[in-house]
Amino acid sequence: MPQTNKSRNAPVPETSGSVQVQDPGAEEYVGDSEIIKSPSDPKQYRYIVLDNGLRCLLISDNRGLASSGDEDLEEEEEEEEEEEDEESDDETGEESEEDDEDPGSEDDERGIKKKGSTEKQSAAALCVGVGSFSDPTDLPGLAHFLEHMVFMGSEKYPSENGFDAFLKKHGGSDNASTDCERTIFQFDIQRKNFKEALDRWAQFFICPLMIRDAIDREVEAVDSEYQLAKPSDSHRKEMLFGSLAKPGHPMGKFCWGNAQTLKQEPKKNKINVYERLRAFWKKYYSAHYMTLAVQSKGWGNPFLFIVDSKGAHDGLPKPDFSDMLNPYDTPAFYKLYRVVPVRKDHSLNITWALPPQEKYYRVKPLHYISWLIGHEGTGSILSVLRKKCWALALFGGNSETGFDQNSTYSIFSISITLTDEGFQNFYQVTHLVFQYLKLLQTLGPQKRIYEEIQRIEANEFHYQEQIDPIEYVEDVCENMQLFPKEDFLTGDQLMFQFSPEVIGAILSLLTPDKANLMLFSPEHEGHCPLREKWFGTQYNVEDIQQEWMKQWTDGIELSQDLHLPEENKFISTDFSLKPPESPESEFPVKIAHSDRGCNWYKKDNKFKIPKAYIRFHMISPVIQQSAKNLVLFDLMVNILAHNLAEPAYEAEVAQLDYKLVASEHGLVIRVKGFNHKLPLLFYLIIDHLAGFSATPGVFSMFTEQLKKTYFNILIKPEKLGKDVRLLILEHSRWSMVEKYQALTAGLTVDDLMEFSQRFRAELYAEGLVQGNISKLPAKVPVLFRVVELPPKHHICKVKSLNKGDANSEVTVYYQVHGRARCSNNNLCMFQQVCFSSIQSQISLPCQSSRADVLFQMHMEEPCFDFLRTKETLG
Ligand SMILES: [Zn+2]
């Protein structure tokens, strides 16, 4: 095995604050035994603190080296799955969380999702223990702005876009985010270029240029992020919630920043933004509260990273907000807020502001409570609401972002997506939630349930899969700010200790009189005279009705339908590995095949973990026969998911994943997880498909919901654009507008039942079973083709349907002759490269040939540089 040249790994001598760290020898050193890691984690860890106070976790990842020796020649692992799912989601309108698409306040779009192997990537992430809470009051958004500005070249590498160009050239990516009390920077790159990349990256923290010229341009980039975030309901909700904090509390700050706060106002008030940026950097980017996680092979590289400890960094205490407790202990909080959302959905949020809970990470009381609140099995809040056709989804808990949990408070929030009828009865819905909380308070914390959650989390941790290095170091460097050394890798995941006292104390705070209610509905339009300052959200505030409050506080009566969950039968107990097949096959083999379907099988011989993966594609020509059928198919899949929600919930929480996707030509059923109980789940789904049924109540609930889903797709320029583009390219495609019309023309339960019978009668099923599983017991009748466009420029302009959305979307579609790739199946697809210039995102569909990937790589950085840095379009 070629050894890295050790001399090049030595610390950089000219910088103060550096330390000489002996390389303990990559071969013998087995890592720091005090850091608790998963038994299935092949990586080794080493914790060091540099002289300047910088805490570093070095993660040595030698996977894949034993076999090939040459790091450049390792095989590639494709990561197509998620993208493919996203594609499918788009098609059906089964879009689950908008948050997926709107990276948060705090997220930049500088990193473009990379493709390729994870094993041969190296990555580093730095967490600075300071964030938007430290914004000066006269410059809202300064911390976020600085996060952008540090990347505009360094003294050693002055080129403004040099780092991004370097990363792109070597298969890397980077990103950064600003949270309330932390700012995180991360990047990854091929191993062989890691050292140079690390040096370039480190220079941003040692001597960033932050040149004056870049300020105006980069303000526009920050402003574009703000503009992009504006139409997002989740961001609007956050800002509105922030505005309810006591005056002067940092929760009320405008953390995004925009052209107004960072350019126009400062100009008016004669504030020198350049000086203030430098001052902020000097004061707060201090090594002694930075944490660094570096993952690569061996131990050498990280010592290139040294942060200067002179000047402002002489040990000033970290900004501390822990004396600003109870941000929401104000009459404005205990009210009902009616809000007009962007999306046509009704939802109810019930929120409590609790004392900070971070210190109870070993007990995780909020996790325990949200487990029960968000439960979907019989006896749960959602189960009862679904039976009444009042709610579609319910989430509860704390997301552990800086906004949800910081040193001043912790949120506990229950968010319920309501049907029209649920919206009309929102007080009843609230009433049910309070009954369930009363039940939990009366019964007290339950050891049996706690231990069940504990077991599930422990199984997950024990058999964890290796995640992308860049995501891993990002998580770890943040954990290093929160937990002691031994819990760096476990602190955010494991439930260490059942404490009825800690859980009971929190439960007792979740009372009706301390709750905040926010009700979102398009029906509030025209009745909301108030406007949130930054995002312009329309809202109104009123007292919670006295008669309800009285009911809740004077001995609330409990519904008989509510009870704690039964014992979970899907939790795996058998983790043994099946004996290897003989003879072993390298690729999946077809083990069954007829004119109605075929089945592929592959026993895992590589990963050797007790997990399996089953995927079936149920293809039917009936689906594409008309727009009406497509709509009925969407309805069928949504209702099937609804019918399964309760019986399959226990499986889901036991980490058996399942997903139903209404793809263009068929239903995709995917299940994965611990193999022991996985077949139980798969047969459960098949049984529900075979015996599919829908009550009129459920049917009308889902038709109403689907109307909103389609509408929400139509108002998003990028989705509308995609729909129109595919309409041009595909034969006999039905547009979203046609589907919307078919849906609003009126459908009946009988239509649906007839469709579901025809769907099952004309079905071709293709499946793949692989993993730690023993062997289980025609031509695909659908052609996927796209149109070949006449070879010249075509422009198709589509007027955006959402007048309030200032964003535009440009998709440039290049037709590349891809016939070489159509040889072995019926798939004939021309390659497409699309990028939305305004949002500086470039994406490729999952089937990309090498040439297309090269094409994309060459375009990406110049596009980014031009659009984002020079034109500052987002
Ligand atoms: Zn940003």
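Welcome to the tour! You have a predicted model open, where local features need pLDDT of at least 70 and side-chain atom pairs count only at pLDDT 80 or more, while totals for chains, interfaces and linings use all residues. Residues are numbered from 1 along each chain as its sequence is written, and side-chain values use heavy atoms, leaving out hydrogens and water.

Start with the whole chain. Among its 874 residues, 57% count as buried (under 20% relative accessible area, 1.4 Å probe, protein chains only). Switch to cartoon view for 24 helices and 23 strands (DSSP runs numbered from the N terminus: helices are H or I with at least four residues, strands are E with at least two).

Next, select Ser173, which lies in strand S4, residues 173–178. Ser173 is buried, with a relative accessible area of 7%.

Now move to strand S13, residues 538–542, which runs antiparallel to S7, residues 336–339, with 4 bridges joining them (strands pair if DSSP finds at least two bridges). Select Tyr539 in S13: Val339 is its bridge partner, and Leu530 stands opposite Tyr539 too. Strand S12, residues 530–531, is joined to S13 by 2 bridges, also antiparallel.

Finish at Gly536, in the hairpin of S12 and S13, where 6 residues sit between the strands. Gly536 takes a positive phi near 70°.

Definitions and conventions:
Buried means under 20% relative accessible area, exposed over 50%, partly exposed in between (1.4 Å probe, protein chains only).
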